[in-house]
Amino acid sequence: YLNFFNELRNNIIKRKPNFTKAKAMPQSWWSLSIGKSGFSVAAAFTIDGNFRVELYIDTGTKENNDIAFSKLKENSLTIQDNIGKDLVWDPLPDRRACRIYLATNGTIDDDEKKLTELTEWAAPMVIKFKEVFSPLVKNIQIE
């Protein structure tokens, strides 16, 4: 995981040199702040054989997470137009957090060629997610 997420980070830095200082860790996900506590952009391997780029919302309470999620969803068409893809809006009803994501097939056990393809897919998406969601989440007022 550490090598993969370092490669993803390097791919992002090549595209946007001052994009992040967040370091990769030896875990199945990598996340970075987007300017407001409780909101982060992450790239993550899932237990069902997918790899996703997501906006992860966890402000500390389910109620506030749901409020933030709903406020973003009100702008879903504009957000999806700006990202250029249809997103999955996942309120995670049985969990505290919420997320909005794009996913593709892929696991950490894939061959080197596929892992390179995953970093090539994810790098522009991580950049786009941060660019699109950062100004929106800064304007969300929750208690």
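**Exercise 1.** At what angle do helix H1 (residues 2-15) and helix H4 (residues 112-138) pack, and how far apart are their axes?

*Solution.* This is a predicted model, in which local features need pLDDT of at least 70 and side-chain atom pairs count only at pLDDT 80 or more, while totals for chains, interfaces and linings use all residues. Residues are numbered from 1 along each chain as its sequence is written, and side-chain values use heavy atoms, without hydrogens and water.

Step 1. The angle between H1 and H4 is about 50 degrees, and their axes lie 9 Å apart. Axes are lines fitted to C-alpha atoms, for helices over the stretch in contact, and angles run from 0 to 180 degrees between N-to-C directions.

Step 2. H1 and H4 are therefore oblique to each other (under 35 degrees counts as roughly parallel, over 145 as roughly antiparallel, 65 to 115 as roughly perpendicular and the rest as oblique).

Step 3. Contact means heavy atoms within 4.5 Å. On the H1 side the contact includes Phe4, Leu8 and Ile12, and on the H4 side Leu115, Leu118 and Ala122 are among the residues. By class, the contact of H1 with H4 has ten nonpolar, two polar and three charged residues.

**Exercise 2.** Describe how helix H3 (residues 76-83) packs on H4.

*Solution.* Step 1. H3 and H4 pack at about 145 degrees, their axes being 10 Å apart.

Step 2. Ile79, Asn82 and Ile83 of H3 meet residues of H4 including Met125, Phe129 and Val132. This contact of H3 with H4 comprises seven nonpolar residues, one polar and one charged.

**Exercise 3.** How many aromatic pairs does the structure hold?

*Solution.* Step 1. There are ten aromatic pairs (ring centres of Phe, Tyr or Trp, the last by its six-membered ring, within 6.5 Å; planes under 30 degrees apart are stacked, over 60 edge-to-face, the rest tilted).

Step 2. The ring centres of phenylalanine 4 and phenylalanine 51 are 5.3 Å apart with planes at 85 degrees, so this pair is edge-to-face. Phenylalanine 4 lies in helix H1 and phenylalanine 51 in strand E3, 47 residues apart.

Notes
Helix = DSSP H or I, 4+ residues; strand = E, 2+ residues; numbered from the N terminus. Nonpolar A, V, L, I, M, F, W, Y, C, P; charged D, E, K, R; others polar.
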